[in-house]
Every structure is written in structure tokens, then in C-alpha cells.
Amino acid sequence: MTTAPERTADRYPSRGATETITPREDPVVWSPPGTAGPFRPSELSDFARDGFCAVDDLLTADEVAVYRAELDRLVLDPATRADPRSIIEPKTGSVRSVFEVHRISEVFAGLVRDPRVAGRARQILGSDVYVHQSRINVKPGFGASGFYWHSDFETWHAEDGLARMRTVSVSLALTENLDTNGGLMIMPGSHHDFVGCAGETPKDNYKRSLQMQDAGIPSDETLTKMADRHGIRLFTGRAGSATWFDCNAMHGSGDNITPYPRSNVFLVFNSVENTAVEPFAAPVRRPEYIGARDFTPVR
């Protein structure tokens with residue numbers, strides 16, 4: 001385990017008295033043009049412009065079956081449910097998310113190391129990477145709640161101490177993503193501006209925010225302006241598809257009131273050159289299973 005360095009200058013202030021908008025200072029794609037990797041040059045260009053890139057059929061049907069079986073095993077295991085790394089759905093009492101799955105499960109640890117996954121993260125971030133966060137998300141039918149509009153970086157900056165926007169996420173679908181079962185929505189191009197949200201961070205905010213987020217939420221007025229400017233893209237696709245998106249992309253998902261589940265593996269890769277410092281707008285760090293402080297590169 002590595003001790004985090006002291007907090008550095010705050011390029012992206014948030015959780016103050018008023019909401020602020022700060023132009024992005026950091027690159028979106030950190031690798032030099034022409035850097036070899038799984039992404040084609042055109043895909044990296046689209047990622048830099050839009051803040052996301054969808055990859056169909058990243059996983060084969062057989063691979064999806066293996067990861068889906070592992071997800072089901074973890075969710076149904078009483079020991080997993082009792083683990084603090086599991087988040088319980090407030091409406092139904094079922095498991096909503098399980099964090100740090102790459103440490104709980106060797107199956108998901110293998111997925112993290114897969115060159116199709118880690119290789120794309122290195123290509124975007126221009127360095128070795130480590131896992132800042134991993135989790136499985138379970139959205140069963142008939143009432144699973146969604147995730148409200150937010151920028152992940154706002155939380156990771158304020159509460160985990162990530163100083164720079166050098167972090168990328170990938171959502172790997174283990175069930176079909178329909179236009180009706182609570183799929184991921186992103187505002188294309190929204191990652192070029194940082195929304196500093198108003199309001200202080202409550203103590204132990206993570207205990208509530210992982211069920212229903214309050215702190216770090218942009219105002220309705222700002223979200224409306226951003227949606228008018230950028231539009232909203234809803235991601236659909238077969239199981240095995242993947243969506244890569246920038247840490248500062250404004251995104252969210254709706255409730256799933258259909259009979260059809262939507263489950264995915266969510267992996268966050270951070271550059272080893274962007275290791276976490278002290279939180280910028282929170283009294284204490286979040287637990288390491290939510291925001292890692294072991295900066296060991298993925299191999």
C-alpha cells in the first residue's frame with residue numbers, strides 16, 4: 001500500500017458556496033498521435049471530441065457467459081451481501097453494486113488485465129495504469145433505481161484526491177442494453193468543461209451517495225444548458241459491448257422498470273502519474289475499496 005502525497009494546487013474547485021464552470025485544462029487523449037494500441041486513430045479522435053467511444057462485441061458470447069455467471073455467484077453469495085463493499089438497493093433490498101471485484105474475484109481480475117481492456121486504458125492515458133475503482137452493477141427489472149447526472153471526476157477529485165483529468169472508465173455490458181431498461185446516457189462533448197458543484201461534502205458522504213447521490217450534483221439550470229448544447233446519447237447494444245468514457249463526461253442512467261435486467265462490469269483506470277493526493281473537498285478519504293490508494297500498475 002502506498003501513502004498518498006500531500007494535496008496539490010486545485011485546478012478544478014468544487015463543493016463551494018456557488019456552482020462554477022471551469023474550462024478543462026487537461027488533455028483528453030494523453031498518448032502522442034500514432035501510438036499503437038487496440039483503438040484505431042479514428043476512434044481516439046472521436047473519443048477526444050465526444051468524450052466516449054463504444055466498442056461492439058468486445059467480449060465473445062462465451063466470455064460474457066463466464067462473467068455473467070461470476071456476477072450472479074457474487075450477488076447471490078450471503079458473504080458478499082454482508083461485505084461492506086456491497087451496496088444494497090434502497091427500494092428492493094437487493095444488491096445494487098459490489099465494489100473492488102478485481103480483488104474479490106480472480107475471474108474479474110483477469111478481465112482487468114485483458115489487453116483489450118487495459119491496453120485501451122494505456123492508449124488513452126498515455127502511461128501505465130492502475131485500477132482506481134472496480135465494481136459490478138446490477139439493475140434487475142421492476143424497480144432498480146438509476147444514477148443521477150454527474151461527472152465522475154467531480155467526486156474523484158473532491159473526495160478521492162485525483163488532481164488531474166487522467167482517468168478513464170469502461171462499462172462492459174453483461175446483459176443486453178435496451179433503450180428501455182435504464183441504459184447509460186452521456187452528453188457528448190460535456191467533458192470539455194468542469195462543473196464545480198455547490199454545497200459542502202457531508203461526513204461519510206459515500207455511505208449515502210452510492211445509493212442515492214446528493215452532493216456533487218449540478219443544478220437543473222446547468223444540466224438543461226448542457227443538454228441543449230451537447231445533446232444526450234443513449235447507449236444500447238448486445239451483451240459483450242463496451243463503452244469507454246472520459247472521467248469528466250456528464251452522464252447518468254434512468255430507473256429500470258422493465259422486466260429485463262441490465263448488468264455490467266464497471267472499471268476505472270487511472271494513470272500511475274496521477275496518483276491520488278488528499279481530498280480536495282471532503283473531510284476524509286473514502287475507503288480504499290471505492291477510491292484505491294494502492295497504485296500498483298496493471299500487469
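## Ground rules

This is a predicted model, where local features need pLDDT of at least 70, side-chain atom pairs count only at pLDDT 80 or more, and totals for chains, interfaces and linings use all residues. Residues are numbered from 1 along each chain as its sequence is written, and side-chain values use heavy atoms, with hydrogens and water left out.

## Aromatic pairs

Rings of Phe, Tyr and Trp (for Trp, the six-membered ring) pair up if their centres lie within 6.5 Å; planes under 30 degrees apart make a stacked pair, over 60 an edge-to-face one, and the rest are tilted. By that rule the count is eight aromatic pairs. One of them is Phe39 with Trp244, an edge-to-face pair with 5.9 Å centre to centre and 75 degrees between the planes. Phe39 lies in the loop between β1 (20-23) and α1 (41-50) while Trp244 is in strand β11 (residues 242-246), so this pair ties together parts that are 205 residues apart in sequence. Helices here (H or I, at least four residues) and strands (E, at least two) are DSSP runs, numbered from the N terminus. Both partners are buried, meaning under 20% relative accessible area, where exposed is over 50% and partly exposed is in between (1.4 Å probe, protein chains only): Phe39 has 4% and Trp244 has 0%.

Then there's Tyr67 with Phe108: the ring centres are 5.9 Å apart and the planes are at 20 degrees, so this pair is stacked. Tyr67 lies in helix α2 (residues 61-76) and Phe108 in helix α5 (residues 106-113), so the pair ties together parts 41 residues apart in sequence. Tyr67 is buried at 9% relative accessible area, and Phe108 is buried too, at 1%. Elsewhere, Tyr12, Phe153 and Phe194 form one aromatic cluster.

## Charges over rings

A charge sits over a ring if NZ of Lys or CZ of Arg is within 6 Å of the ring centre and within 35 degrees of the ring normal. Phe39 turns up again here, with the charged end of Arg120 over its ring, 5.0 Å from the centre. Arg96 does likewise with Phe147, its charged end 4.0 Å from the ring centre.

## Asn181 in its loop

Asn181 belongs to the loop between β7 (167-173) and β8 (184-186), and with a relative accessible area of 0% this residue is buried. Its side chain reaches the backbone oxygen of Glu176 at 3.2 Å, and a polar atom of that side chain lies 3.3 Å from the backbone oxygen of Pro261. For contacts, the cut-off is heavy atoms within 4.5 Å. Leaving out residues up to four places away in sequence, Asn181 touches Lys139, Glu176, Asn256, Thr258, Tyr260, Pro261 and Arg262.

## Helix α7

How many residues of helix α7 (residues 152-160) are buried? Nine of its nine residues are, among them Phe153, Trp156 and His157, along with the acidic Asp152, Glu154, Glu159 and Asp160.

## Arg122

Arg122 lies in helix α6 (residues 115-125) and is partly exposed, at 26% relative accessibility. Setting aside neighbours within four places in sequence, Arg122 is in contact with Ser31, Ser127, Asp128, Val129 and Val298. Met187 is another matter: Arg122 and Met187 are 65 residues apart in sequence and 24 Å apart in space, C-alpha to C-alpha.

Definitions and conventions
Polar contact = N/O pair within 3.5 Å; in protein donor to acceptor, adjacent residues only side chain to side chain.
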